[in-house]
Amino acid sequence: MKMELIQPFIGSLDAVLAEMMQEPAKIVDLTMEVEGYRRKGTAAVVTFRGQIEGRVILDMDPGAAAHVAGCLFGSEVDSSEPIVRETVCELANMVIGNAVTQLNDRGFQFKVLPPEVLTQEQCDKAGNDSEATVLCFETSNGRVYLNIAMKYLQRRTRERSAVPVA
Amino acid sequence: MKQFEALTRKQGSEPVRYLIVDDSVFARKSLAKMIESFGGQVIGEAGDGCTAITEFSRTKPDIVLMDITMPQMEGIEAVERIVQQHPDARIVMVSSVGYQDNILAALQKGARHFVQKPVKPDALYEIIRYVLNDDGVTATVGAAEEKSR
């Protein structure tokens, strides 16, 4: 997968975590995966369609997810509470929305579908169709993983329009 | 959360009334908390565009905060339908997706402003203040400077 597709997600996750967790996050690992996804904590998936198709999974250690939800409520939140899953879905929405906005500015056109809580069935399917890049970020409340699987379907608008007519 | 100088309606210094439209409970709670810090009152919530139209007619809010990507009916279509029925509706789009095309489409359908998630309270406060004063129907009371408590 090309770095130009991944870089916006790194910057976006960094910015969203800084805003929502009020602390910086640093990348501690980057791996490639081809098998079904194994969830680490509370995870949400966002699918996008357009000139690039794919999906991105945001997976948070229970402590990290509960910390963000707790920041909102001003008190401790148990990681098993439904609001924690909602929190991860909305964080995924923000991270992916901001990243695809940057890609859109570079000429790619996307349609982003609403985030969904990642089920075990989706985990099993997640690695079947394409190779995924997995980024691991570390925060003081636990790790946050971003699993990105995307493929080009069409060239960018500006590249297509640059092709000379025979 | 920081507290802001209260934004109030022009007549009678009543709190500004808001309708929040977002399919995410987290986003609705987060926006409601910001509105509280602006001295506002949340008079309705909706999780999709269809419900937003009904809730708007029922509650007649001063400001609508509207997400774009939602199930059933997306925010831009909901804006179009609300503005057709209520041309004075003041709708601020709040979305993580900030495509130029999306922003333009929302503004063309009648939205007044756009703010990208994650929402910074200071930015949303200024945008709401601007939208409220834009048509002179409502106005702020007191200085706009933020005060920390």
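**A colleague's note on the two-chain model**

1. Let me start with one helix. B:Arg81 and B:Glu77 lie four residues apart in helix H3 (residues 75–85) of chain B, so about one helical turn separates them. Their side chains meet in a salt bridge, with N to O at 2.7 Å. B:Arg81 is partly exposed, at 37% relative accessibility, and B:Glu77 is partly exposed too, with a relative accessible area of 34%. Please keep in mind throughout that this is a predicted model.

2. Beyond simple pairs, there is a network to look at. Salt bridges with shared partners join A:Glu90, B:Asp22, B:Asp67 and B:Lys117 into one network. Over all chains, the structure holds 14 salt bridges. As background, side chains of opposite charge can pair when their charged atoms come close.

3. B:Glu45 forms a salt bridge with B:Arg28, and their closest N and O atoms are 2.9 Å apart. B:Glu45 sits in strand E2 (residues 41–46) of chain B and B:Arg28 in helix H1 of chain B, 17 residues apart. Are the two partners buried or exposed? B:Glu45 counts as partly exposed, at 39% relative accessibility, whereas B:Arg28 is buried, with a relative accessible area of 16%. The cut-off for buried is under 20% relative accessible area, which is why B:Arg28, at 16%, falls in that class.

4. The side chains of A:Arg143 and A:Glu138 meet at 3.2 Å, N to O. A:Arg143 is partly exposed, with a relative accessible area of 31%, and A:Glu138 is partly exposed as well, at 30%.

5. Next, the interface. How many residues does each chain bring to the contact? Chain B gives 24 residues and chain A gives 25 residues. About 2,000 Å² is buried between chain B and chain A, and carbon and sulfur atoms give 58% of that area. In chain B, the residues that lose the most area to chain A are B:Phe26, B:Tyr99 and B:Pro118, which together account for 37% of what that side buries.

6. Between chain B and chain A the count is three salt bridges. In one salt bridge, the side chains of B:Glu74 and A:Lys111 meet at 2.8 Å, N to O. Ten residue pairs are in polar contact across the interface of chain B and chain A, with both residues of each pair at pLDDT 80 or more.

7. Which parts of chain B supply its side of the contact? Helix H1 (25–37) and helix H4 (100–109) of chain B each supply at least two residues of the side that touches chain A. H1(B) gives the largest share of that side, six residues. By class, the side of chain B that touches chain A has nine nonpolar, seven polar and eight charged residues.

8. B:Val115 lies in strand E5 (residues 113–116) of chain B and counts as buried, at 7% relative accessibility. Leaving aside neighbours within four places in sequence, B:Val115 is in contact with B:Val92, B:Met93, B:Val94, B:Ser95, B:Leu124 and B:Ile127. B:Val115 and B:Asp67 are 48 residues apart in sequence, and their C-alpha atoms are 9.8 Å apart in space. B:Asp67 is one of the members of the salt-bridge network in point 2.

9. Stepping back to chain A as a whole: what does its fold contain? Chain A has five helices and seven strands, and from the N terminus on the elements run α-β-β-β-α-α-β-β-α-β-β-α. Of the 166 residues in chain A, 49% are buried. Among contacts in chain A between residues at least 6 apart in sequence, 73% join residues at least 24 apart.

10. Last, a word on confidence. Chain A averages a pLDDT of 82, and 85% of the residues score at least 70. Where in chain A is confidence lowest, and where highest? The lowest is in helix H5 (residues 157–162) of chain A, at a mean of 58, and the highest is in strand E6 (residues 132–139) of chain A, at 91.

Technical notes
Residues are numbered from 1 along each chain as its sequence is written. Chains are lettered from A and ligands numbered from 1 in the order in which they are written. Side-chain values use heavy atoms; hydrogens and water are left out. Contact means heavy atoms within 4.5 Å. Buried area is the accessible area (1.4 Å probe) that two parts lose on being put together, summed over both. A salt bridge is a side-chain nitrogen of Lys or Arg within 4 Å of a carboxyl oxygen of Asp or Glu. A polar contact is a pair of N or O atoms within 3.5 Å; within protein, one must be able to donate a hydrogen and the other to accept it, and residues adjacent in sequence count only if both atoms are side-chain atoms. Ala, Val, Leu, Ile, Met, Phe, Trp, Tyr, Cys and Pro count as nonpolar, Asp, Glu, Lys and Arg as charged, and the others, Gly among them, as polar. pLDDT is the predictor's confidence in each residue, from 0 to 100. Buried means under 20% relative accessible area, exposed over 50%, partly exposed in between (1.4 Å probe, protein chains only).
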